[in-house]
Amino acid sequence: MSKTQEMELPEEITKVTNTNPRDLVLISIPKMGKGTILGALTREKNAIVLDLEKGGYDYIPARKLSTYTDDLTTKWESFQNYIKFRNALLDQKGKYDYLIIDGLSDLDDLSELGGTLAYMNSVQGKKFNRVGGTETGRKYEPTEPEFKSVITLPEGYGYRHSRDWFMQQIDFFRQIAPYRIYAAHITDKYIKDNGKEEVTGSEIALTGQLKRIFASKVTAMAKLVADDKKRYLNFDVLNDSIVAGSRAPQLRGRILISKQDSEGNTTTFWDNIYK
């Protein structure tokens, strides 16, 4: 565009072309059947689970990559497997339509290690976790007892590095697949109600400011709720909760996601979410 050519500003209304949630967060308490529902998506659609939880999908048939290969896998080995799997998915971006991350708390846990390694490779951290505390000293390995977490830095400074590493992974996931689904656990909190009494609200089980930073970046968040043998995704926002809500217009209220018959067989209804 030349300096003298003016930019044409739009006159028309841009129509909505896609109402499916690009980033969906599915939140629940443990043992609600979340893994069964997500595993079914990999059998019904072109989806894959990046399983970060030890034993999370041991008894669930699913297309998956599990960072914990057995009960003896250490956190450091899980981290190394995560990096290997993530890079393979990035090398073949677009292979899957849906990328399922299970779960967010486990990614948060890996972020402490990822943030530490990133800090060690920065200008500010060039002396951190090195023998003798000098930039020329040998780097301590994460398996050595002398290895320190970045969150041990004074005044909470280190949390910034773990948060940055976490959000960097979210950016990577957006490159891997057009639709991302995050499984998360829930934690209760207490909220002042007009200064008179305390009411219970809920938050994603993430560290510190990360829960609000992450929540602001996603399309939709829903709490998995039970009604006898049926499971619903509840998009209603209650109190000061940040575990629900949606920018996608069709995702409102409670939406049926699965039901179980008398023999224990589960049927899922992902078409209620992704049209």
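Residues are numbered from 1 along each chain as its sequence is written, and side-chain values use heavy atoms, with hydrogens and water left out. Because the model is predicted, local features need pLDDT of at least 70 and side-chain atom pairs count only at pLDDT 80 or more, while totals for chains, interfaces and linings use all residues.

The largest pocket has a volume of about 380 Å³, taken as the space filled by probe spheres set on the points, which are joined across faces, edges and corners. Its lining runs to 19 residues, with Lys31, Gly35, Glu53, Gly56 and Ile60 nearest the centre. Helix α1 (residues 34-44) gives the largest share of that lining, three residues; helices are DSSP runs of H or I, at least four residues, and strands are runs of E, at least two, numbered from the N terminus. By class, the lining splits into six nonpolar, seven polar and six charged residues, where Ala, Val, Leu, Ile, Met, Phe, Trp, Tyr, Cys and Pro count as nonpolar, Asp, Glu, Lys and Arg as charged, and the others, Gly among them, as polar.

On to helix α4 (residues 159-176). Among the buried residues of α4 are His161, Trp165, Phe166 and Phe173, with buried meaning under 20% relative accessible area (1.4 Å probe, protein chains only).

As for the rings, those of Phe, Tyr and Trp (its six-membered ring) pair if their centres lie within 6.5 Å, and planes under 30 degrees apart count as stacked. The count comes to 12 aromatic pairs. One of them is stacked, tyrosine 98 with tyrosine 179, at 5.5 Å centre to centre and 25° between the planes. This pair links strand β4 (residues 98-102) to strand β5 (residues 179-193), its partners being 81 residues apart. Tyrosine 98 is buried at 9%, and tyrosine 179 counts as buried too, at 14%. Arginine 22 also lies over the face of tyrosine 179, 4.9 Å from the ring centre; the rule asks for NZ of Lys or CZ of Arg within 6 Å of the ring centre and within 35 degrees of the ring normal.

Note on methods: On a 1 Å grid over the protein atoms alone, a cavity is a set of points where a 1.4 Å probe fits but cannot get out, and a pocket is an open set with protein on both sides within 12 Å along at least five of seven lines; lining residues have an atom within 4 Å of a point. Buried means under 20% relative accessible area, exposed over 50%, partly exposed in between (1.4 Å probe, protein chains only). Rings of Phe, Tyr and Trp (its six-membered ring) pair if their centres lie within 6.5 Å; planes under 30 degrees apart count as stacked, over 60 as edge-to-face and the rest as tilted.
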